[in-house]
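This report describes selected features of the structure shown below.

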Amino acid sequence: MNLIPNLKKSFEKHASKNALCINDVFYTYKAFSEQILKIRKLIQTEISSKEKFIGLITNDDIQTYASIFALWFENKAYIPINPSAPMQRNKEVLNSTGASYILNSNIDAFNDEAFSVLPTHNIGYNSYKIKEGEINQNGIAYILFTSGSTGKPKGIPITLKNVDSLIYALTYDGEYILNDSDRCLQMYDLTFDASLTAFLPAFLSGACSYTVPPGSMKYFHIFKLLQKYELTVLKMVPSIIHYLRPYFSEIYATSVRYCIFGGGKLYEDIVKEWLKCIPNSKLYNHYGPTECTVCSTYHTYSNTLGKSHNGVISIGKPLKGFNHLIIDDKNNIIESGDEGELCLSGPQVTLGYWKNDTLNSASFFTKEVNGILEQFYKTGDICYEDSEGYLMYIERKDFQVKIRGFRVELGEIEFHSKKVITKNNLSIIDINNSNGNNEIALVIEGKAFDIKELQNHLQSVLPNYMVPTKYFFLDNFPHNTNGKLDRKALRNLIKTD
Amino acid sequence: MNKEDILRSINQSFIKVLEHDNFKLTESTTANDVDGWESVTHMMIITDIENTLNIKFKLMDLMGMNNVGDLIDTIKKEI
């Protein structure tokens, strides 16, 4: 495994270069390494070596980024906790991993007596001498929790080896090579795994990552960073360019050399326009479920070269190391190029959901490939493969949607809504707003009534991106011939409302 | 249009997009003071104001806006 040694080498080699720019303040790799050392000392002093899972409050500061590496160098995993998410949900996540320690650079952002919260912003020791141990490559690097349809978030553990395989695969074909002069956008919250493909390639190359503060209007802040610092690498969710689209004529960023999208459908028409704003850039569409360590396939798109299906840009071909299959409803392999569920195996695939045997048996299966028994993950994404091997994304098989890049199980919102609305039928659907982005709508069957209690409840149990932004009442829900709720008709009904 | 006229007009855009009138806009009002005024709805409010007043904001102007007062000042420049 090269990840940890290469990170250490890069931090040392680029000591005088800037590693991070946070709120217009620059931090060198030297300052970053010192922070990592301080936090490692804190971990070695305060936390037993048996404790493997440590909560990390995702503040936007150098200590939080340094904590990730301090934990990795100490053979521990981080459980990212967004301080603005409801406390109940955060505690549920921490308790399910058995984490009792939390690293936090801002005590005002998160504090709870049930956990040992260790402040990282003001560590004072007489010496920062630390013991160096061997890195366990099979150790878990992080556990991310995503929305779960049964009302509880599901944990996805990713090992250092998984992350190492991702980095190897991303740079394998030489299409995406950063250097120590690059200025890279880091717009993601650290609870979102896309953050890793923003900051890891940058830190490994001695480049500088420019963060976007939480709570800001992200698209404006990104434009501001682009103008002020002439960023060279942009990794974004597609919704950013939907917001900026009316103002494309004012954007001409010749500094950008790589632009990567991930975390949602990427439409060809807007990308063609966006390429005029970044005339010197290569453009990639990344695809990958969190279960397969951030990115599993990618497609290089240009105005002259690029594949699409119904206006949606192809997710391309699998990264080095992946095996892929497309299967039908009965788990039979489809060879014909017809649509089916995309399944992935390889060194980036998680060992399985955290303590969830039922979900694991439904989501994974083993199959022999070239004489080796491989564990395949059923992505839930319906795709087809064209004659040249390019994968085209069609739709989700289930009720999972993407909101601003975050995975949302509509069933989880329904579960919590039914705690308050007990007498009416209700349904949660995703709808397109006038910016071309997804929003969540909650539709209630019956006459209109005051929904303040419902809204308050949802705000107290769900992260902000999962709380419905539109509410509708309908006298009667539409049903199909089998008597099931017809979601397509429902979507059309509220459109004309 | 004077400041009061502009405020009255943008108030209507806020109500239309946010689907409630549970707020009182003043020059010092920020996104933190109004329920539902966040990234998604902000752009919709901006678009509605542009359509209603038949103006077009510049991205540079939008970037520097911190409160309703800044929004009014920008509109005054554009009209």
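The model is predicted. In chain A, the centres of domain 1 and domain 2, taken over C-alpha atoms, are separated by 30 Å. Domain 1 of chain A spans 321-396, and domain 2 of chain A spans 404-496.

**Sheet and packing helix**

Chain A contains an open sheet of 3 strands with mixed pairing, in the order β25-β26-β27. Its edge strands, β25(A) and β27(A), each pair on one side only. On average, neighbouring strands of this sheet are turned by 30 degrees against each other, direction ignored. Between β26(A) and β27(A) the pairing is parallel and extends over 5 bridges. One residue pair can be named here: A:I444 has A:F473 in β27(A) as its bridge partner. Helix α11(A) packs on the sheet, where it touches β25(A) and β26(A). The direction of α11(A) makes about 140 degrees with that of β25(A).

The residue ranges of these elements are as follows.

| Element | Residues |
|---|---|
| α11(A) | residues 410-417 |
| β25(A) | residues 426-432 |
| β26(A) | residues 438-445 |
| β27(A) | residues 470-474 |

**Contact between chains A and B**

The contact draws 14 residues from chain A and 10 residues from chain B. On the side of chain B that touches chain A, the elements giving two or more residues are α2 (39-53) and α3 (59-63) of chain B. Of the elements there, α2(B) gives the most, with 6 residues. By class, this side of chain B has 6 nonpolar, 3 polar and 1 charged residues.

Conventions: Residues are numbered from 1 along each chain as its sequence is written. Chains are lettered from A and ligands numbered from 1 in the order in which they are written. This is a predicted model: local features need pLDDT of at least 70, side-chain atom pairs count only at pLDDT 80 or more; totals for chains, interfaces and linings use all residues. Two residues are in contact if their C-beta atoms, placed from the backbone, lie within 7 Å. Helices (H or I, at least four residues) and strands (E, at least two) are DSSP runs, numbered from the N terminus. Ala, Val, Leu, Ile, Met, Phe, Trp, Tyr, Cys and Pro count as nonpolar, Asp, Glu, Lys and Arg as charged, and the others, Gly among them, as polar. Domain bounds come from an automatic or database domain assignment. Two strands pair if DSSP finds at least two bridges between them. Axes are lines fitted to C-alpha atoms, for helices over the stretch in contact, and angles run from 0 to 180 degrees between N-to-C directions.
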